[in-house]
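Below are my notes on the model you sent. They are set out as numbered points, to be read beside the coordinates.

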Amino acid sequence: MKWPYENAVGATETLSCDVLVLGGGIAGCWAAIAAARKGASVVLLEKGATMRSGSAGSGCDHWESAATNPGSTVSPEELTAAVLDDQDGYNNGISHYIESREGYDRILDLERFGGKVRDTADEFAGARFRDEATKFLYAYDDRARTTLRVWGTTFKPALYRECRRLGVKALDRTAATSLLVSEAGGVRRGAGATAVNARTGKFLVCRAKTTVLCMSRPARIWLFHPDLVGLSEFRPPQCVGNGHAMGWRAGLDFTMMEKSVPAEFSAAGRSFPPYSTGNNHNTWFPATIVDADGREVPYLDRDGRELRTYEERFQPAPGQKFFLMGGGVDAPKYAYRGPEVPDFGELLERGYRPPFYADLSRLPELERRAIWGLMVGQEGKTQVPVLAEFTGRGFDPAKHRLQSYGSGWKSASFLPQERQLFGLPGGLLHDWDLRTCLEGVYAAGDQLFASNCMGHAAATGHYAGRHAADAARATDLPAYDEAEAAREQARVLAPLGSDGDLGWKELNMGIAKAMQLYCGDRKHEETLRQGLALLGEYEREQVPQLHCDNPHDLMRTLETIDVLAVSQLILHASLARRSSSRALCFDRVDYPEVDPEADRKFFTIRREGGEVRTGALPLDFHGDLAANYARHNRADGEDAR
Amino acid sequence: MSGDVNRNGTDGATNGLRAEVVPCSARPIRFDPAKCNGCNRCLEACQVDVFLPNPEKGSPPLVVWPGECWYCGSCVQECPRPGAIALSHPLMNRTRFVPVGSSDSQD
Ligand SMILES: Cc1cc2nc3c(=O)[nH]c(=O)nc-3n(C[C@H](O)[C@H](O)[C@H](O)COP(=O)(O)OP(=O)(O)OC[C@H]3O[C@@H](n4cnc5c(N)ncnc54)[C@H](O)[C@@H]3O)c2cc1C
Ligand code: SF4
Ligand code: SF4
């Protein structure tokens, strides 16, 4: 069929602004809003449609680590110290402190923008998890009260409206492809970015004084399904780590890129769609779990003590101040472990009969309505495909129980070599301004190392946006290398005009198989090097053969080229760590020693003039959290509000 | 902000853009043409861009890349005409539920 959109392949548009934001998800929208509030002219480039783009486009139900909300009994310092310790230090102290410290300010922002964050309609009046004065609804630990239950389906449209109200120039269907770098006077600094329109093929050169990277994290590295591409991974299929690939090419520093975890979600065969199965995690906490005969499975505290009442599922154990639960917490250490049911293997040994189910009929009515109706409903990907769909099929949470397909919140078992960047993976290294190692280039949200969750994306987005705006005020528009931009245009458009006949799916399949083979659960110098050799061959011999017929497929093709770059980055990072590590889920067969003291540090990695350079930073390079925060922000806190 | 468009570089060789529906084992999206007025709001809301506008004005968008669907439901959320568009999981992804009183051992 004829292409229905304008054909602007070969045309170039040039724009300039003070602050350029790449990626219009949660972090990108807030970065744009914060910069615009400071008076900067802002351009936002979003590959999809800002109104509903990103992981939280269709919704989200938990706002975590809002340690300064009025109900919280945990300080930002305590909470950040706990999440750092839970990961043996392999976590992002700077960004999680910003999240804990400013997340609540962003909740109040959202309310001003027209998002819904409290139970204003009194649907849950009198519920155990509701604060009657503020009408906030809480989740998980009832004493800590750092996590709020929220109406996330309202968030992205509200953020988009606010961006437009503030005059942010949001360009949808525009995929950023590379960072512009200026080298004037021997100083390298960011000068904006290039992009391509995913409908028209028009090439864009966007010059900027400062740039904020908010393009989330890599995917489709080990997991790729050519038929059900969109279900290959947990996050939206267009989020494959373009920002990482761009940063890698521009010489930015990364850390923790050797970390990957056994796959947790891929509904293209193994898993079920998230939140659509019976479980007792996240959205479904604290559902009652029963076995095939309807026999109830007990919740246990961290010492194995059986909890008798529903109320106890929200209480820390005796002697424990608070427990950790939520997106960045998978298997918490004893110190932070909350109420949990035994895993299914253990239950079978104890005589329970499979399959297991979540049975909400046994919960108090307000809790049942909170899980099925509020959480399932407001959580991403649930309002239409779970709540409405299951209700249409006759599901009634008071009358039916929903089958469980795996322990914890996973609904599948994977092969050991099937891995994923899930939870708290590696990403861009940054300082206390959320600036990368390249002057003028900032980052936020899931693009940062060891980052996860919406409150984190919101808080770091706002923080990076305002620091980028401050820096933009102090600079002129940097020059950029026009020849470099022209080379990038040729690279980007090549698959549309190429004589080759390789499709992007075939290449992505090849990469995924290579990564499973050479960078699976057990890593070895020899196989990692073989992986690099094979991917190098793909880069030299196969990439030039890529061909596509329209700008949409061009976007997928460019994504796959970036998947290749990120895979190379992961292989290099895996070679750099010559020991194994528990917290990094990193098993080097040739270096089996686990977490030797000498290697208890962040290894950093970047590309410089075609060479890979590695370095190291102490795990506590973030320094004193409160003192450094104070040093990098206004004393009156006005900027954060 | 300032901007300008330079069309001088337009390359005649790449002008023949085209697309075909990419076959997929699943059918995520179904339209009810009696209810849909072809306003394309679903299409504009989709971050994955799985649709193309129907060349016939007033008709539902075409699902050109069904395999790329993320099953998020945003298209349905933004549709102003209830029932005009429906999303459903592939068969293998439809979770099972049973009445609470039942026992699998008596099935
Ligand atoms: C189904 C689901 C449910 C979740 N529920 C919760 C929850 O309840 N609570 C919680 O705390 N967290 C939740 N999360 C996680 C949370 O949504 C994310 O951590 C958070 O949204 C990340 O924000 P971000 O801005 O970094 O990335 P995103 O919001 O994912 O945005 C990234 C954006 O970058 C764009 N982009 C990518 N590449 C390019 C490019 N080359 N050029 C231009 N744009 C580009 C993408 O289109 C996308 O819009 C959930 C995630 C999922 C997938
Ligand atoms: S399905 Fe709904 S949103 Fe889409 S074109 Fe039809 S009426 Fe408009
Ligand atoms: S469900 Fe989401 S990804 Fe699929 S067509 Fe609708 S908006 Fe697009």
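1. The model is predicted. Chain A contains 15 helices and 21 strands. Its radius of gyration is 24 Å, close to the 26 Å that the globule rule gives for 641 residues, so chain A is as compact as a globular protein of that length. Along the principal axes, the C-alpha atoms of chain A fill a box of roughly 70 × 60 × 55 Å.

2. Burial and contacts. Of the 641 residues in chain A, 66% are buried, where buried means under 20% relative accessible area. Among contacts in chain A with a separation of 6 or more, 74% are between residues 24 or more positions apart.

3. Surface and charge. Chain A has an accessible surface of about 20800 Å², and carbon and sulfur atoms account for 49% of that area. There are 77 positive and 87 negative side chains in chain A, with the centres of the two sets 3 Å apart.

4. Strand 9 of chain A. How many of the 11 residues of this strand are buried? The count is 10, so strand 9 (residues 203-213) is largely enclosed by the rest of the structure. Strand 9 of chain A pairs with strand 1 (residues 12-22) of chain A in the parallel sense, over 10 bridges. Within that pairing, A:Ala208 of strand 9 has A:Cys17 opposite.

5. Further partners of strand 9. Strand 8 (residues 189-197) of chain A pairs with strand 9 of chain A in the antiparallel sense, over five bridges. Here A:Cys206 of strand 9 lies opposite A:Ala193. The hairpin of these two strands has five residues between the strands, and A:Gly201 in this hairpin takes a positive phi near 80 degrees. Strand 9 of chain A also runs parallel to strand 19 (residues 441-443) of chain A, to which three bridges join it. A:Val212 has A:Tyr442 in strand 19 as its bridge partner.

6. Helix 5 of chain A. Is this helix mostly covered or mostly uncovered? Helix 5 (residues 242-249) is mostly covered, with seven of its eight residues buried. The buried residues are A:Asn242, A:Gly243, A:His244, A:Ala245, A:Met246, A:Gly247 and A:Trp248. Just after the helix, A:Gly251 takes a positive phi of about 85 degrees.

7. Hairpin of strands 20 and 21. Strand 20 (residues 601-608) and strand 21 (residues 611-618) of chain A run antiparallel and are joined by eight bridges. A:Arg607 is opposite A:Val612 in strand 21. Two residues lie between the strands of this hairpin, where A:Gly609 takes a positive phi near 55 degrees.

8. Four strands form an open sheet in the order 12(A)-15(A)-16(A)-6(B), with antiparallel pairing. Strand 12 (289-290) of chain A and strand 6 (97-99) of chain B stand at the edges, each with a single partner strand, so one side of each is left without a neighbour in the sheet. The link between the chains in this sheet is made by strand 16 (residues 400-403) of chain A and strand 6 of chain B, which run antiparallel with three bridges. A:Leu402 has B:Phe97 of strand 6 opposite.

Methods. Residues are numbered from 1 along each chain as its sequence is written. Chains are lettered from A and ligands numbered from 1 in the order in which they are written. Side-chain values use heavy atoms; hydrogens and water are left out. Buried means under 20% relative accessible area, exposed over 50%, partly exposed in between (1.4 Å probe, protein chains only). Two strands pair if DSSP finds at least two bridges between them. The radius of gyration is taken over C-alpha atoms; the globule rule is 2.2 Å times the number of residues to the power 0.38. Contact means heavy atoms within 4.5 Å. Accessible areas come from the Shrake-Rupley method with a 1.4 Å probe; for residues, only the protein chains shown count as cover. Lys and Arg count as positive and Asp and Glu as negative; His and the chain ends are not counted. The place of a charge is taken as NZ of Lys, CZ of Arg, CG of Asp or CD of Glu.
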